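Let's take a quick tour of a protein model. Keep the 3D view open and find each spot as you read.

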Amino acid sequence: MDDIPKRQLATSLKRQYIISQRSDKPTAWLRSPHLATEIPDDCHRCKHCQRITIQPPFRNSAKAYTFRVYLPHTRNEAAQAARDNCPLFQIFTTGPPDDTKACSRRQLIRQIFSDTEWFWYHRSCSKVSERLRYLYKSMSRRPFIMLVDEVDFGVSLFNFGWASDWQGMASARQGDIAAGYAPWPIIRNGIAGSDEAYSAIQGWLKECNTSHRSNGSCQDRTTTFTPTRLIEIGFKENTYLPKLALNPKGPVSWCCLSYCWGGDQLVKTTTATIESRTKGIVFADLPKTLQDALIVTAKMGMQYIWIDCLCIIRDDPEDLAKELSTMSSIYKYADITISASSAHGVSNGFLQERTWQPVSTLFALPLQTSDSKTGTVQITDYNSYEFENQDPVHSRAWIFQEQILSSRVVDFSSMMVRWHCATISRNDAGWPEPEPEVGDGLMSMFSALNIMGRQSQRGEESSSEYFWSWIVQEFSKRNLSFAGDKLLAVSAIAQEMGERSKDQYLAGMWKSNLLETLLWMREAKSPMKRPRRYRAPSWSWASIDGEVDFPSRFAADDDDERRSRLVVQLVECHAKLENSLTPYGAVRSGSLKLKGKLRWAIWYYDAEELVLHDKFRDEITGTTRKDAFQDGWEENMADRCMDIWCLEVFEQTGMYASRGLLLTEVSTEPASSDGYHCFSRLGYFKLFLTKVSVFQGVEHRIVTII
């Protein structure tokens, strides 16, 4: 193709580009000069970005599409705009040099017919015609394009620049003509505990009680269970009069509070204070977050609330264990859980005026409709609206369990008041909310089990294994004040799943899929030191700190020949509990006995490389992921290595290499008279492909991992 005359090639590409413009995707062209429109004062605006006018095509509600806005700026003009601190063009001009410079004709031809899907995926070019369009524009003096994707709720997501992964969200003021295209209302700070917010909550609660629970889409709360203790809220002479109610009789409705402690609690129930709590609690003596929770409960017309620091005797280990064992029922059967999401600690409160700010500079662009009406959209970084990344409750492990178990949550976030139940999600800002799905940030346990039950009835593959993997991944991202609470803080979720599935729970793992999930691995971040205090056997994800993941067992396609085949066999497994009252809680010890193939190797633990020597080859290498830093290891020493044992879990098949566990022998003496050896897990390995598996011909042996 290099012999094609340059003029002929250019003419051909131009013809293809013109033809590709006739696709069924509408295109928005620019109108200049800029049409005057009101721009909010808190948004960036400059002479550079105000040359852009978004002109959406005629909306077709039956079809979602992406349209393009071609910017009139040359490369030099864009570079100058970036130097002038225009946030839009700073995004456009940030990236690898190849993404900002015109491609040569030779590069053009190579990329059109290449199979580098990742290159084209981030440029929204799956078809050859789209690749031609992109590459032709990349050679232009004006290569900058804005993609506007219309999704379920209208124009909601902006992709700026072909080469940029940055995503923005468009909002518009109510009453602005642009609101018909960008239906996300602009977030305005206000009083979280306003009358409007309470009215919205009562409306959602009424809808759920009358509609959702009657048709079975939300949990029917009919139960004989009542918490051991509840806070009863009295009211007299404009004053709240709370007290601790012991073993409330009869059908009782209650709320739960989910909040960040922010350190040890100054106000809590102990063996010395429980009697006085039953006589009354001075409202003014309570921390602000607890006061706000009582106010919300009363505003919703409810009399009782469960708060952990007041309803559990904190200095009584037996009472603590007993109450933790009922945690699942306490949150599951509560009428509603109040999430004090915006409060960093118990003294902060959550009903005051919100002070939310976007994480990046807002900027405004004009919009013109097909009938020449003008409006303004505000655009900001999509990450600004990641609720779970901003509010402090979403970084706490105990709170994750509380909200997952709750059938209904009213979330006082830093941006808005949100409602979650198994059927709907709502908010008081007027933002569209998607239907709940397995894996949502505030997906309730009941909602997830409902979805998995419907999948089973339809004969689809159940999401239960995926759901637990997601639980562990999300839970492990979060922080614990006491690392020893690792298994306790997820025990109520495990209890709920175990009682339904009748599966055996083993220190954070399930026996039915224990072998498949043995290959959990630490996320690709700097590993933490291995905890000094024992809390789980090394084969459990709960034995380390930090985020963990479960790599998929299968490839992207379902070709049976390409599936990894499980070759290790389970002989026996057990875990000894710390307290019999918490069968899904902390453990004292655990042992896993497997039958599989072991090979010795040299492990460069800091460089994450594995070297095996073979009689046919000098060495076979692979990649690894260590679980944690061991005592005595030196960091940033790429040549540091140690002897290691590799236990193959999935054998090499087709185009997939062997994968397994990295083990170290913890005792040179046999673990028992039958010659079984004891090992401890140190990490995960994946070998590079070879013509013949390096485990071929290796005999099976019994290994015990502790």
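## A first look

Start with cysteine 678, which is buried, its relative accessible area being 16%. Keep in mind as you go that this is a predicted model. The chain is built with 19 helices and 27 strands, and 53% of its 706 residues are buried. Among the contacts in the chain with a separation of 6 or more, 70% are between residues 24 or more positions apart.

**Cysteines**

- How many disulfides does a search of the whole structure find? The count is zero.
- As a reminder, a disulfide is a covalent bond between the sulfur atoms of two cysteines.
- Take cysteine 86: the closest cysteine sulfur belongs to cysteine 46 and sits 3.7 Å away, so the two are too far apart for a bond.
- Cysteine 86 is also buried, with a relative accessibility of 0%.

**The largest pocket**

- Look for the largest pocket, with a volume of about 1,200 Å³.
- It has 40 lining residues, and the ones closest to the pocket's centre are Leu320, Trp398, Phe482, Asp485 and Leu488.
- What kinds of residues make up the lining of the largest pocket? There are 20 nonpolar residues, 12 charged ones and eight polar ones.
- Helix H12 (317–325), helix H15 (397–405) and strand E21 (587–604) each give the lining at least two residues.

- H15 is mostly covered, with eight of its nine residues buried.
- Which residues of H15 are buried? They are Ala397, Ile399, Phe400, Gln401, Glu402, Gln403, Ile404 and Leu405.
- A handy thing to know when you look at helices: an α-helix has 3.6 residues a turn, so residues three or four places apart point the same way.

**Arginine 354, a buried loop residue**

- Arginine 354 is in the loop that runs between strand E9 (336–339) and strand E10 (363–368).
- Is arginine 354 buried or exposed? It is buried, because its relative accessible area of 11% falls under 20%.
- Now find methionine 415, which is 61 residues from arginine 354 along the chain; their C-alpha atoms are separated by 6.9 Å.
- The side chain of arginine 354 comes to 3.3 Å from the backbone oxygen of methionine 415.
- Setting aside neighbours within four places in sequence, the contacts of arginine 354 include Arg188, Asn189, Ser414, Met415 and Asp428.

**Residues in strands**

- Serine 591 sits in strand E21 and counts as buried at 15% relative accessibility.
- Leaving out neighbours within four places in sequence, serine 591 is in contact with Trp539, Glu572, Cys573, His574, Thr704, Ile705 and Ile706.
- Valine 611 belongs to strand E22 (residues 609–612) and is buried, with a relative accessible area of 11%.
- Not counting residues up to four places away in sequence, valine 611 touches Ala601, Ile602, Tyr604, Glu619, Ile620 and Thr621.
- Arginine 701 lies in strand E27 (residues 700–705) and is partly exposed, with a relative accessible area of 27%.
- Which residues does arginine 701 touch, not counting those up to four places away in sequence? They are Leu594, Lys595, Gly596, Leu598, Trp645, His677 and Phe679.
- Histidine 677 is 24 residues from arginine 701 along the chain, and their C-alpha atoms are separated by 9.5 Å.

**Two loop residues with positive phi**

- Serine 372 isn't a glycine, yet it has a positive phi of about 70°.
- Where is serine 372 found? Look in the loop between E10 and strand E11 (374–381).
- Serine 372 counts as exposed because its relative accessibility is 51%, and the cut-off is over 50%.
- Lysine 502 also has a positive phi, near 60°, and is a residue other than glycine.
- You'll find lysine 502 in the loop between helix H18 (491–501) and strand E15 (505–506), where it counts as exposed at 69% relative accessibility.

Terms used:
Residues numbered from 1 in each chain as written. Predicted model: local features only at pLDDT ≥ 70, side-chain atom pairs only at ≥ 80, totals over all residues. Heavy atoms only, no water. 1 Å grid on protein atoms, 1.4 Å probe; cavity = no way out; pocket = protein on both sides within 12 Å on 5 of 7 lines; lining within 4 Å. Points joined across faces, edges and corners; volume = space filled by probe spheres on them. Helix = DSSP H or I, 4+ residues; strand = E, 2+ residues; numbered from the N terminus. Nonpolar A, V, L, I, M, F, W, Y, C, P; charged D, E, K, R; others polar. Buried < 20%, exposed > 50% of the residue type's maximum accessible area, 1.4 Å probe, protein only. Contact = heavy atoms within 4.5 Å. Polar contact = N/O pair within 3.5 Å; in protein donor to acceptor, adjacent residues only side chain to side chain. Disulfide = S-S within 2.5 Å.
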